[in-house]
Amino acid sequence: MRKHVAAIVVAVAAIVGAGARAGEVNFSIKGAGFSASGVLTYGPDPIAVGPTSAFAITGITGTFSNSKAGLVDQAITGLVAINPPASHDDPLIPASMTLFPLENPPNPESSGLSYDNLLYLYGSPQTCTGYLASGGYLDVYGLMFTVAGGFVVDVWSNGASPGDPASSLEYGAALAQYWGSDTEVAIYGLLDYQPGGVTFAIPEPGSLGMLGVGLGAALGLARSRRRGGAAAS
């Protein structure tokens with residue numbers, strides 16, 4: 001019976017080890033007339049330079065709604081691929097951070113929206129020098145995905161200020177639409193920009209806890225059978 005127990009422990013260790021580096025989580029996004037829900041898949045960050053706590057988001061499915069654009073449960077069709085420069089001036093910026101150009105950016109200082117498609121299951125670290133707020137499932141650059149009909153959505157974390165109990169974790173979101181192309185370069189225009197007041201939620205994963213319950217029951221049964229066998233002999 002000892003061999004059977006050992007086999008169970010090895011199998012559980014393999015599952016937990018695999019789940020620690022890859023998996024999927026449900027998500028929901030809510031803002032003013034702005035919502036999305038679905039499933040994110042994630043895995044190891046393929047770019048070696050970056051926060052060690054980051055996972056790369058590898059896929060997304062679900063639906064998106066936005067009242068300003070008249071979208072109701074529109075299909076989320078995939079991620080916007082990262083296309084980072086060779087290097088960043090700020091050493092805290094993740095290597096995968098990419099700028100998505102817009103024809104009408106949200107402010108004059110920017111030329112578009114930033115994203116890096118990284119997921120932090122245990123809270124993001126500081127990823128920008130001079131901006132201390134952190135702690136979200138996403139960092140200040142965030143996640144960008146496509147929606148059927150030529151739309152892109154960017155969601156990012158504004159973080160929470162360290163040492164400030166009044167500071168609450170919140171997110172921002174933006175919606176842009178494909179307007180056409182100029183010499184084969186896609187042109188997108190901003191339709192909705194919410195710099196704050198957005199929530200990004202991931203339900204507490206229960207699979208590991210249930211796995212622990214199952215393992216405990218299996219080991220208990222094994223011990224019981226072993227005691228019974230010893231008594232019979």
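The second largest pocket of this predicted model has a lining of 19 residues. Ser110, Gly112, Ser114, Val140 and Tyr193 lie nearest its centre. The volume of this pocket is about 420 Å³.

Which strands each supply at least two residues of that lining? They are strand E6 (112–115), strand E9 (151–159) and strand E11 (185–201). E9 gives the most, with 4 residues. Sorted by class, the lining of the second largest pocket holds 10 nonpolar, 7 polar and 2 charged residues.

Rolling a probe the size of a water molecule over the atoms shows where empty space is left. The structure has 1 cavity of 30 Å³ or more. The largest cavity has a volume of about 40 Å³. Its lining includes Ser124, Pro125, Gln126 and Thr127. Ala133 and Ser134 also line the largest cavity, as do Leu138, Asp139 and Val140. Ser157, Asn158 and Gly159 are lining residues too. By class, the lining of the largest cavity divides into 4 nonpolar, 7 polar and 1 charged. Val140 is named for both sites: it lies among the residues nearest the centre of the second largest pocket, and it lines the largest cavity.

The last stop is a loop. Ala86 sits between strand E4 (71–79) and strand E5 (98–101). Is Ala86 buried or exposed? Ala86 counts as exposed because its relative accessible area is 86%, and the cut-off for exposed is over 50%. Ser96 is 10 residues from Ala86 along the chain. The C-alpha atoms of these two residues are separated by 9.6 Å.

Definitions and conventions:
Residues numbered from 1 in each chain as written. Predicted model: local features only at pLDDT ≥ 70, side-chain atom pairs only at ≥ 80, totals over all residues. Heavy atoms only, no water. 1 Å grid on protein atoms, 1.4 Å probe; cavity = no way out; pocket = protein on both sides within 12 Å on 5 of 7 lines; lining within 4 Å. Points joined across faces, edges and corners; volume = space filled by probe spheres on them. Nonpolar A, V, L, I, M, F, W, Y, C, P; charged D, E, K, R; others polar. Buried < 20%, exposed > 50% of the residue type's maximum accessible area, 1.4 Å probe, protein only.
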